[in-house]
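Student: I would like to learn how to read a structure one feature at a time. Can we take it slowly?

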Amino acid sequence: MFVPVVIMIAIATFVLWFDFAPEASRVPLALVNFVAVLIIACPCALGLATPTAIMVGTGKGAEHGVLIRNAEALEKAEKVTTVLLDKTGTITRGEPAVTDFLPTNGDSVAHLLPRLAAVERQSEHPLAEAVVRYADAQGATPGSMPVTATAFQAYEGRGAGATVDGQVILLGNRRLLSEHNVVLSSETEQAAAQLLSQAKTVLYAAIGGHVAALIGVADTVRESSLAAIQALQADGIEVVMMTGDNQQTAAKVAEQVGIKRFFAEVLPADKAGKVKELQAEGRVVAMVGDGINDAPALAQADIGLAMGGGTDVAMEAAGITLMRSDLEGVVTAIDLSRHTMRTIKQNLFFAFIYNTLGIPIAAGLLYPFTGWLLSPMLAAAAMALSSVSVLTNSLRLRRYKRTA
Ligand SMILES: Nc1ncnc2c1ncn2[C@@H]1O[C@H](COP(=O)(O)OP(=O)(O)OP(=O)(O)O)[C@@H](O)[C@H]1O
Ligand SMILES: [Cu+]
């Protein structure tokens with residue numbers, strides 16, 4: 001579009017000068033102005049406008065621990081209206097630790113713990129690791145035979161199960177037990193409610209179809225989470241939380257960090273669906289997560305941000321990786337995107353104004369009134385100047401400091 005129009009203007013310039021200029025000088029004048037139009041119209045500044053700003057912006061991001069893998073993420077971040085945060089490992093540290101171990105039917109801890117740990121040793125879930133770590137720290141009864149679990153089964157988003165000493169052991173959330181028709185006594189319910197009220201995750205262990213223990217697991221909220229979430233909200237961005245954890249624990253954590261809307265008990269397979277739901281409400285969604293099961297949601301979101309300490313799968317699915325592993329990076333990414341996009345708009349203006357003002361002058365439009373003509377040399381200088389101003393403007397981004 002641009003090129004044919006410029007060529008047409010150049011040809012028109014030639015023809016008009018040829019027709020209207022004095023006989024003697026009409027060929028050189030027509031030729032010189034023809035060339036001047038072509039030179040001033042050279043869109044090199046236009047071509048530099050976006051990539052230079054993106055380059056400087058990306059470098060600036062890296063300096064602040066925000067690794068931008070694709071330019072598209074940087075361009076889109078300014079349009080984000082909703083930030084969807086995974087709970088575990090994103091808002092919280094993702095270092096769960098067992099704080100309570102409550103046998104519920106008379107079995108001793110020494111009897112239960114090695115059996116439950118044997119099941120969890122075969123699971124890769126962070127909560128399973130917490131149970132194993134706890135069991136190891138308690139020192140499984142010395143001299144006793146190591147317990148082995150067979151027929152291990154992982155229940156996605158619910159827990160795990162295996163057979164130990166010929167008995168089926170189930171370990172996971174409430175849903176896992178309900179699905180296996182294990183009923184809870186009212187005392188057990190109360191003990192669980194007590195743990196839940198402390199923002200702990202409760203794991204229910206059933207042996208042979210009966211509840212045998214409750215395990216309380218705590219994961220602390222990162223110190224920086226609250227401030228980052230408040231900064232986003234102050235910017236008019238809605239912050240939503242999503243987790244596979246239970247309703248009560250989710251509500252507690254959300255409350256601690258000032259989040260009003262959250263989705264709890266979301267199965268791993270449904271996480272991407274939640275992103276779609278928000279997008280269907282007309283929101284531009286940035287998803288922040290760390291786990292393997294966050295990857296589809298990260299890919300579905302308009303921008304995916306992965307925690308640097310998280311899984312490789314998450315980082316691969318995300319356009320941006322936060323090296324400092326805290327939510328500050330989300331604020332920086334969005335703020336940086338705004339600055340970069342503003343720079344790009346200014347650049348396009350600079351590039352465009354040179355061309356649009358330059359072309360008519362080069363064509364000799366002002367000649368009849370002022371006697372002004374743009375020699376090809378000046379045209380070349382003007383063109384170079386537009387590129388220089390675009391570059392200088394992009395380099396201004398190097399002084400970027402986060403404002404929020
Ligand atoms: N190996 C396991 N052992 C015990 N409980 C488990 C196990 N795997 C899953 N669960 C239970 O299922 C729930 C959901 O697990 P899921 O992996 O979907 O999310 P999450 O780890 O709780 O957190 P988030 O979604 O915030 O990253 C856990 O909160 C836990 O109660
Ligand atoms: Cu040029």
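Student: Is E265 buried, exposed or partly exposed, and what is its relative accessibility?

Tutor: Buried means under 20% relative accessible area, exposed means over 50%, and partly exposed is in between, with a 1.4 Å probe and protein chains only. At 34% relative accessibility, E265 counts as partly exposed. The model is predicted, so local features need pLDDT of at least 70, side-chain atom pairs count only at pLDDT 80 or more, and totals for chains, interfaces and linings use all residues. Residues are numbered from 1 along each chain as its sequence is written, chains are lettered from A and ligands numbered from 1 in the order in which they are written, and side-chain values use heavy atoms, with hydrogens and water left out.

Student: Where does E265 lie?

Tutor: Helices (H or I, at least four residues) and strands (E, at least two) are DSSP runs, numbered from the N terminus. E265 is in the loop between β10 (261-263) and α12 (271-280). The phi of E265 is near 50°, which is a positive value in a residue other than glycine.

Student: Which loop holds D165, and what is the phi of D165?

Tutor: The loop between β5 (159-164) and β6 (167-172) holds D165. Phi of D165 is near 50°, again positive in a residue other than glycine. D165 has a relative accessible area of 55% and is exposed. For a glycine, look just after α10: G236 has a positive phi of about 80°.

Student: How many helices and strands does the chain have?

Tutor: There are 17 helices and 13 strands in the chain.

Student: How do I read the radius of gyration of the chain?

Tutor: The radius is taken over C-alpha atoms, and the globule rule is 2.2 Å times the number of residues to the power 0.38. For a compact globule of 404 residues the radius would be near 22 Å, but the chain has 32 Å. Along the principal axes, the C-alpha atoms of the chain fill a box of roughly 115 × 40 × 40 Å.

Student: What separation do the C-alpha atoms of I11 and A191 have?

Tutor: They are separated by 87 Å, and the two residues are 180 residues apart along the chain. I11 is in helix α1 (residues 2-20) and is partly exposed, with a relative accessible area of 45%.

Student: What share of contacts joins residues at least 24 apart?

Tutor: Among contacts in the chain between residues at least 6 apart in sequence, the share is 65%. As for burial, 46% of the 404 residues in the chain are buried.

Student: Which residues of helix α9 are buried?

Tutor: In α9 (residues 186-196), the buried residues are T188, A192, L195 and L196. Seen down the axis of α9, these fall within an arc of 100°, so they line one face of the helix. The arc is that of the directions from the helix axis to the C-beta atoms. E187 and Q190 are exposed on the other side of α9.

Student: What do the buried residues of α9 pack against?

Tutor: They pack against β3 (97-103), β7 (201-207), β8 (210-218) and α11 (247-256).

Student: Which residues are buried in α11?

Tutor: T249, A250, V253 and A254 are the buried residues of α11. Their arc, seen down the axis of α11, is within 135°, so they line one face of the helix. What covers them includes α5, α9, β7, β9 and β10.

Student: Which residues are buried in α10?

Tutor: In α10 (residues 225-234), S225, A228, I229, A231 and L232 are buried. They cover an arc of only 155° around the axis, which puts them on the same side of α10. The buried residues of α10 pack against β2 (82-86), α5 (87-91), β9 (238-242) and α15 (328-363).

Key
Contact means heavy atoms within 4.5 Å.
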